[in-house]
Amino acid sequence: MTYGRRTSFPHGQDEKDQNFWKATAEGYDAWIASDFQDQYEVNWSILAKHVTPNSRLLDVGCGPGTLSIRLSRRCREVWGVDVTPEMIRVAEEKLACEPANVCFQEADACDLPFENHTFDTVISVNALQTMDRPETAISEMHRVLRPGGELLLITYCYGEATLAEHNALLDWAVQYDGRAMWHSFTFAQLDALLAAKGFEVAEAERIWDGPVVAFLRGKAINV
Ligand SMILES: C[S@@+](CC[C@H](N)C(=O)[O-])C[C@H]1O[C@@H](n2cnc3c(N)ncnc32)[C@H](O)[C@@H]1O
């Protein structure tokens, strides 16, 4: 299955995908704070509603770990994984100033280094559209969830974006070197992907417009 047009950001010919995220790692938090604070507060309020003090939570594609650390104040234990070592380094530096019940680890979402049924909750925020094999990543998220555990997925739907929204994304991306994947999911494709991978979709809504951002809450069944 393909998800609409896949955009490969320019510049890199033979670099691995994560080289793009390596270039953005240092300035990532400042960029989110200046351009996406409102959107991230919406993300936060949704995630916070669905975690409980006893949860063992995994954040897949955690980037520089800001959400993982914030969520750790509401959970028993948090693991954050990201394929880009520079993102993990920035995340770990934060723990030196603010020790938390969080562990960060470099890992590919398509090959998660955890036993089956390890987590109560898996989150993945603004990351699935950047993964080279999103279907495998969703299967892995399902595998590591306990039966009845929940996936909280927040993802851009560039399959529903306007030309102007695509152009704005490219304007941002061309500042950095390296190649990166950017899937153009539609809302309906995400819903179908979760169902196909053994999730019962308990909630699915558009939480942001221009471009559309989807929130899907899936319960792990068929385990
Ligand atoms: C836009 S950032 C989002 C970071 C963070 N979740 C947030 O909301 O701010 C996307 C992240 O996904 C990571 N990523 C891309 N492909 C991945 C993969 N296959 N496995 C794990 N992480 C991946 C990138 O390294 C990058 O840090």
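Predicted model: local features only at pLDDT ≥ 70, side-chain atom pairs only at ≥ 80, totals over all residues.
Me: In strand 9, which residue is the bridge partner of L151?
Reply: Residues are numbered from 1 along each chain as its sequence is written. Strands (E, at least two residues) and helices (H or I, at least four) are DSSP runs numbered from the N terminus. In strand 9, the residue bridged to L151 is G218.

Me: Over how many bridges do strand 6 and strand 9 pair?
Reply: Strands of a sheet pair through backbone hydrogen bonds, either parallel or antiparallel, and pairing is counted here if DSSP finds at least two bridges. Strand 6 (residues 145-156) and strand 9 (residues 213-220) take the antiparallel sense, and their bridges number seven.

Me: Which are the edge strands of the sheet?
Reply: The sheet is open and of mixed pairing, with seven strands in the order 4-3-2-5-6-9-8. Pairing on one side only marks its edges, which are strand 4 (102-106) and strand 8 (199-208).

Me: What angle does the direction of helix 5 make with that of strand 4?
Reply: Axes are lines fitted to C-alpha atoms, for helices over the stretch in contact (C-beta atoms, placed from the backbone, within 7 Å), and angles run from 0 to 180 degrees between N-to-C directions. Neighbouring strands of this sheet are turned against each other by 15° on average, direction ignored. Helix 5 (residues 85-97) packs on the sheet, touching strand 3 (77-82) and strand 4, and its angle with strand 4 is about 160°.

Me: What is the omega of the peptide bond from G210 to P211?
Reply: P211 belongs to the loop between strand 8 and strand 9. The bond that joins G210 to P211 is cis, and its omega is near -10°.

Me: Where is H117 found?
Reply: H117 is a residue other than glycine with a positive phi, near 60°. Its place is the loop between strand 4 and strand 5 (119-125).

Key: Contact = placed C-beta atoms within 7 Å.
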